[in-house]
Protein chains: 2
Amino acid sequence: MVDLLIRNADVLQVEAERAELRSGRDILVSGNRIKAIEPTGSSDPSHAKVVHDAAGQVAMPGFINTHAHVPMALWRGLGEDVNLESWFNDYIWHLEANLEPEDVYWGMQLGLLEMIEAGITAVNDHYWHMEYAARAVEKAGTRALLGQAMFGEGGLSQIDETAAFAQRWDGAAGGRIRTILGPHAPYTCDDDFLRASAAKAEQIGSGIHIHAAETLSQTQASLQRRGQTPIEVLNECGIFNVPTVLAHALGATPGDLEILADLSAPVGIAHCPKTYAKLAMGFNNLVELRALGIAVGLGTDGAVSNNTLDLWEAMRLTALGQKQLLGDAEQLSIPQALTLATRESARVYGQADELGDLAVGKLADIILVDLSGTHHFPLNNVAASLVYNARASDVQTVICDGRVIMRERKHLTLDADEIRANVAPRMQRLRRREKAGSIQTYRP
Amino acid sequence: MVDLLIRNADVLQVEAERAELRSGRDILVSGNRIKAIEPTGSSDPSHAKVVHDAAGQVAMPGFINTHAHVPMALWRGLGEDVNLESWFNDYIWHLEANLEPEDVYWGMQLGLLEMIEAGITAVNDHYWHMEYAARAVEKAGTRALLGQAMFGEGGLSQIDETAAFAQRWDGAAGGRIRTILGPHAPYTCDDDFLRASAAKAEQIGSGIHIHAAETLSQTQASLQRRGQTPIEVLNECGIFNVPTVLAHALGATPGDLEILADLSAPVGIAHCPKTYAKLAMGFNNLVELRALGIAVGLGTDGAVSNNTLDLWEAMRLTALGQKQLLGDAEQLSIPQALTLATRESARVYGQADELGDLAVGKLADIILVDLSGTHHFPLNNVAASLVYNARASDVQTVICDGRVIMRERKHLTLDADEIRANVAPRMQRLRRREKAGSIQTYRP
């Protein structure tokens with residue numbers, strides 16, 4: 001007896017930079033793991049508790065969002081057409097001064113709702129009031145790696161507080177929730193703060209999720225101020241002694257890349273191309289990063305810069321952006337784009353052995369995608385269609401941890417009407433910018 | 001009595017680089033034109049032959065695709081991850097050697113189906129067997145500017161033939177079809193051919209739709225070979241004596257831009273950013289082009305490079321691409337992106353007075369867009385949502401020339417099943433590349 005039988009899917013396999021489709025497959029799920037993948041007809045549907053017909057749909061691993069601030073979905077559209085400094089100082093850090101804990105609960109649910117609709121089953125989220133975010137994830141049935149954000153000026157006591165959150169929630173929701181420490185960035189946390197964060201992470205067996213070298217000008221400012229790059233600072237402060245997710249490292253120097261390539265603890269870079277283009281931040285050279293063996297995953301960042309929480313967009317913009325950056329259309333090929341979106345994102349997320357691949361023994365995070373729309377026809381090349389044609393609205397069914405959480409675009413865990421009804425009345429307060437104060441100043 | 005009353009829409013007005021939403025408006029359509037736009041309730045619904053409820057939807061001008069090869073949708077996904085030379089010589093020009101006239105009829109319908117679903121009501125199409133394309137447009141109920149493609153090696157007689165097509169079909173389908181002459185490019189048509197094309201266009205009162213300076217390396221090759229840029233060649237051959245649509249002019253030099261800015265006949269540039277990024281061709285600086293007064297419209301190019309026929313994508317990639325190119329997030333603002341997608345595209349298309357704006361007296365090409373999806377919520381900024389969040393699947397209803405051609409995503413003119421049934425059996429023949437011959441060699 002299996003818990004879930006997904007019948008007659010076309011299963012996407014991405015391996016060694018090749019993307020293959022295995023047509024007419026049944027996926028058998030026991031508990032939260034894939035038990036078998038067999039040609040359709042091999043197994044008896046009456047031996048499954050739940051049978052889901054996926055005929056004509058592509059089954060692929062749920063997307064993993066390696067860097068986000070999910071509750072910022074509340075403010076989408078409110079920081080437009082401005083450069084990074086103004087974006088922080090005139091918009092974001094005023095808006096965030098309005099934030100109350102319950103806002104995170106509803107904002108997180110709102111973002112999870114959008115991500116589920118786009119086939120995202122896991123998110124590495126860096127934000128405030130993360131107890132509330134964790135409760136939203138519990139309810140949504142998705143997977144998350146949660147880190148409570150810290151600015152150095154809030155004092156060292158935050159480290160113990162956020163570590164307590166991390167310890168309380170790590171492994172919660174049947175293992176769907178993992179935790180991480182979240183010092184904000186080397187320009188908002190001084191060296192003592194970074195050192196204490198790294199030591200605490202090592203002590204509790206956690207990792208670090210941090211912004212660093214977000215732009216080349218941040219790197220230049222750091223070099224001028226103290227003669228070291230942001231990556232060098234993190235390295236010296238011991239951050240890289242623990243598994244680290246770096247957002248965004250666009251300003252990493254060749255020397256920085258050598259540091260990152262030589263680390264023994266895993267470090268991954270979250271690549272959020274829509275935000276980078278929108279804020280005119282540049283792009284990293286992913287071909288170079290990958291040649292150095294540095295893991296690169298896809299991210300959405302927050303919706304005030306990215307506007308949507310959609311990794312189809314991120315995958316497409318990654319491929320298009322690298323071709324354009326490198327002046328070479330052969331680079332960041334379709335199989336490479338799919339590799340970044342699946343296995344490599346799982347690596348950055350810290351679960352390379354369990355996620356990012358549909359195979360026996362892996363966790364059952366599976367999305368079913370309908371490529372029958374006009375924009376895919378004729379379906380000459382499924383892999384190309386996934387990278388260049390697919391839209392979030394093509395995702396039909398989402399399974400996370402073995403459980404169907406969206407079926408044929410109907411949510412089974414979150415209540416969209418309830419979320420909207422709870423978000424709407426908050427918005428008048430949340431949109432205030434004048435007299436709202438500011439949580440921080442951007443002065444890298 | 002009016003023919004169509006669109007009730008209670010939120011009407012998008014884009015003017016002087018401002019985007020405004022006028023909520024709760026009725027749009028009255030008489031024949032194929034907008035008769036009035038009034039606050040809802042001003043007019044009696046019983047005085048309309050057809051009433052369409054648009055409550056909660058945004059009404060905006062139908063998108064105008066200023067450069068495409070629509071029937072290439074047949075081959076989408078078949079020229080992936082290769083640079084321009086290989087794309088032409090190893091893929092496209094072999095594939096196109098398989099083309100038969102009826103393929104264009106069905107391929108055009110297929111592409112029109114996709115474009116209608118994405119809210120595109122007009123297309124400037126450059127392809128072969130255009131009688132067949134014209135019949136598809138007649139049936140679809142959309143608007144098109146059709147030019148039969150010509151390679152110089154086919155001989156000067158083509159010019160009379162395609163001019164005969166142009167004269168036969170100009171103004172057809174109640175004015176929805178206009179025509180244009182289509183010499184392919186200065187690297188595939190010699191000077192005599194270009195001169196004869198220009199003279200013929202002038203004689204019959206037509207314009208020219210041509211590829212030129214597609215990349216900087218084309219410009220360099222032309223300079224080396226003959227000491228003139230492609231734009232200089234076109235200018236000398238008299239092409240710019242008639243209204244011209246240039247695809248893509250990425251390799252235009254500062255001197256070329258001066259030529260274009262000083263022309264008396266209108267010249268417009270079609271900007272197709274997804275194709276440019278995918279083929280690593282670079283981007284033009286649209287801020288500079290616009291400062292010179294040169295019209296720039298959005299295009300999809302063909303689906304073998306662009307994969308989709310979707311101007312939401314093109315609008316978004318235009319804004320993101322320019323910010324990134326110029327290193328300035330204030331550039332290509334949301335109102336500017338909407339201006340390019342509406343008024344400026346109408347200008348490039350040659351109908352600035354009739355299209356690209358919802359106003360009394362204009363042609364009634366109107367799309368109704370549903371922004372109620374999770375990816376738009378909360379709707380803090382409608383204009384931002386249109387540029388950065390909207391997807392083709394948000395388009396609900398499409399009106400062209402006063403006629404509803406898609407209602408709540410149901411096609412009223414084209415038959416999707418019939419199109420698929422006619423396309424599918426052609427694909428085995430159409431996909432052949434070996435032994436299929438080649439229609440041309442790319443050697444600019």
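User: Where does Asn307(A) lie, and why is Asn307(A) called buried or exposed?

Analyst: Asn307(A) sits in the loop between helix H11 (303-306) and helix H12 (311-326) of chain A. Helices (H or I, at least four residues) and strands (E, at least two) are DSSP runs, numbered from the N terminus. A residue is buried if 20 or more other C-beta atoms, placed from the backbone, lie within 10 Å of its own, exposed if 12 or fewer, and partly exposed in between. Asn307(A) has 28 C-beta neighbours inside 10 Å, so it counts as buried. Its phi is near 70 degrees, a positive value in a residue other than glycine.

User: What is the model's origin, and how are residues and chains labelled?

Analyst: This is a predicted model: local features need pLDDT of at least 70, side-chain atom pairs count only at pLDDT 80 or more, and totals for chains, interfaces and linings use all residues. Residues are numbered from 1 along each chain as its sequence is written, while chains are lettered from A and ligands numbered from 1 in the order in which they are written.

User: What makes chain A as compact as a globular protein of its length?

Analyst: Chain A has 16 helices and 17 strands. Its radius of gyration is 21 Å, close to the 22 Å that the globule rule gives for 444 residues, so chain A is as compact as a globular protein of that length. The radius is taken over C-alpha atoms, and the rule is 2.2 Å times the number of residues to the power 0.38. Buried residues make up 60% of the 444 in chain A.

User: Which residues touch the most other members of the largest nonpolar core?

Analyst: Ala59(A) and Ala59(B), in a core of 304 residues. Such a core is a set of buried Ala, Val, Leu, Ile, Met, Phe, Trp, Tyr and Cys residues joined through C-beta atoms within 7 Å. Ala59(A) touches residues including Ile6(A), Val11(A), Ile27(A), Leu358(A) and Leu368(A). Two residues are in contact if their C-beta atoms, placed from the backbone, lie within 7 Å.

User: How many residues of chain B are in contact with chain A, and what are their classes?

Analyst: 50 residues of chain B are in contact with 50 residues of chain A. Helices H2 (101-117) and H12 (311-326) of chain B are among the elements that each supply at least two residues of the side of chain B that touches chain A. That side divides into 21 nonpolar, 15 polar and 14 charged residues. Ala, Val, Leu, Ile, Met, Phe, Trp, Tyr, Cys and Pro count as nonpolar, Asp, Glu, Lys and Arg as charged, and the others, Gly among them, as polar.

Notes:
Lists of a residue's contacts leave out its neighbours within four places in sequence.
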